[in-house]
Amino acid sequence: MTIELPSFSPCDALVAVMVAVSASDQTYRTSELVAIQRSVDHYPVFADYDADRIRAVSQTVITLFEEEEGLDALFGLIRDALPEKLYETAYALACDVGAADGRLYEGEVAMLAEIRHQLTITRLHAAAIELSAQVRHRIL
């Protein structure tokens, strides 16, 4: 089955990365969905973004996850839409979603590794981004 791929805006691509982390373990945790919504509502990069697009972008991600070559197609959409200067922003948002519930599950770890690879995030930058997400989401 071939699906018609939409084109993403840069903000759609950022949302897609966050949704991909949340969906990577086939469980959509409330804390992760809240983290996505909070990011869209508060981060400057989303200032002009129509938050109603989150649902359509999420559906595209979920549909692509069900396809044999869907992950490659998803990262193609993301790279086509996202300026390189936002690659680390995308990874930071992805890490925030992964850390939102206090632990990383196996699927999330694998997805974050794939995001690092696909967006060519250097190991040093990735470690700094991961640590900052981890410390922001610590609890007493």
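In the predicted model, Arg-29 is buried, with a relative accessible area of 17%, a value that falls under the 20% limit used for that class. Arg-29 is placed in the loop that joins helix H1 (10-23) to helix H2 (30-42). When residues up to four places away in sequence are left aside, the contacts of Arg-29 are with Ser-22, Asp-101, Tyr-105 and Glu-108.

The protein as a whole contains seven helices and zero strands, so that the order of elements from the N terminus reads α-α-α-α-α-α-α. The radius of gyration is 14 Å, which agrees with the value near 14 Å that a compact globule of 140 residues would have. Along the principal axes, the C-alpha atoms occupy a box of roughly 45 × 30 × 30 Å, and 42% of the 140 residues count as buried. Of the contacts between residues at least 6 apart in sequence, 76% join residues that are at least 24 apart. The UniProt record, in an unreviewed entry, lists residues 12-126 as "domain: Co-chaperone DjlA N-terminal"; over residues 12-126 the chain is 70% helix and 0% strand, with its end C-alpha atoms 22 Å apart.

Helix H1 is largely enclosed by the rest of the structure, because 13 of its 14 residues are buried. The end C-alpha atoms of H1 are 20 Å apart, in agreement with the 20 Å that 14 residues should span at 1.5 Å a residue. The largest nonpolar core comprises 43 residues, of which Val-15, Phe-46, Ile-78 and Ile-115 touch the most other members. Two or more residues are given to this core by each of H1, H2, helix H3 (53-65), helix H4 (70-81), helix H5 (87-99), H6 and H7, and the greatest contribution is that of H1, with ten residues. Ile-115, beyond the residues up to four places away in sequence, touches Val-17, Val-21, Phe-75, Tyr-91, Ala-94 and Thr-120.

Ser-39, located in helix H2, is buried because its relative accessibility is 5%, below the 20% limit. A polar atom of the Ser-39 side chain lies 2.9 Å from the backbone oxygen of Ala-35. An α-helix has 3.6 residues a turn, so residues three or four places apart point the same way. Apart from residues up to four places away in sequence, Ser-39 touches Met-18, Phe-46 and Leu-93, and Phe-46 is itself one of the core residues that touch the most other members.

Two loop residues provide a contrast in exposure. Thr-120 lies in the loop between helix H6 (106-118) and helix H7 (123-136) and is exposed, with a relative accessible area of 59%, although Thr-120 is also among the residues touched by Ile-115. The phi angle of Thr-120 is near 45°, a positive value in a residue other than glycine. Most residues other than glycine have a negative phi. Glu-84, in the loop between H4 and H5, likewise counts as exposed, at 63% relative accessibility. Glu-84 and Leu-119 are separated by 35 residues in sequence, yet their C-alpha atoms are 8.2 Å apart in space.

Terms used: Residues numbered from 1 in each chain as written. Predicted model: local features only at pLDDT ≥ 70, side-chain atom pairs only at ≥ 80, totals over all residues. Heavy atoms only, no water. Helix = DSSP H or I, 4+ residues; strand = E, 2+ residues; numbered from the N terminus. Buried < 20%, exposed > 50% of the residue type's maximum accessible area, 1.4 Å probe, protein only. Contact = heavy atoms within 4.5 Å. UniProt positions renumbered as here; feature names shortened; annotations may be inferred. Expected span 1.5 Å × (residues − 1). Core = buried A, V, L, I, M, F, W, Y, C linked by side-chain atoms within 4.5 Å. Polar contact = N/O pair within 3.5 Å; in protein donor to acceptor, adjacent residues only side chain to side chain. Rg over C-alpha atoms; globule rule 2.2 N^0.38 Å.
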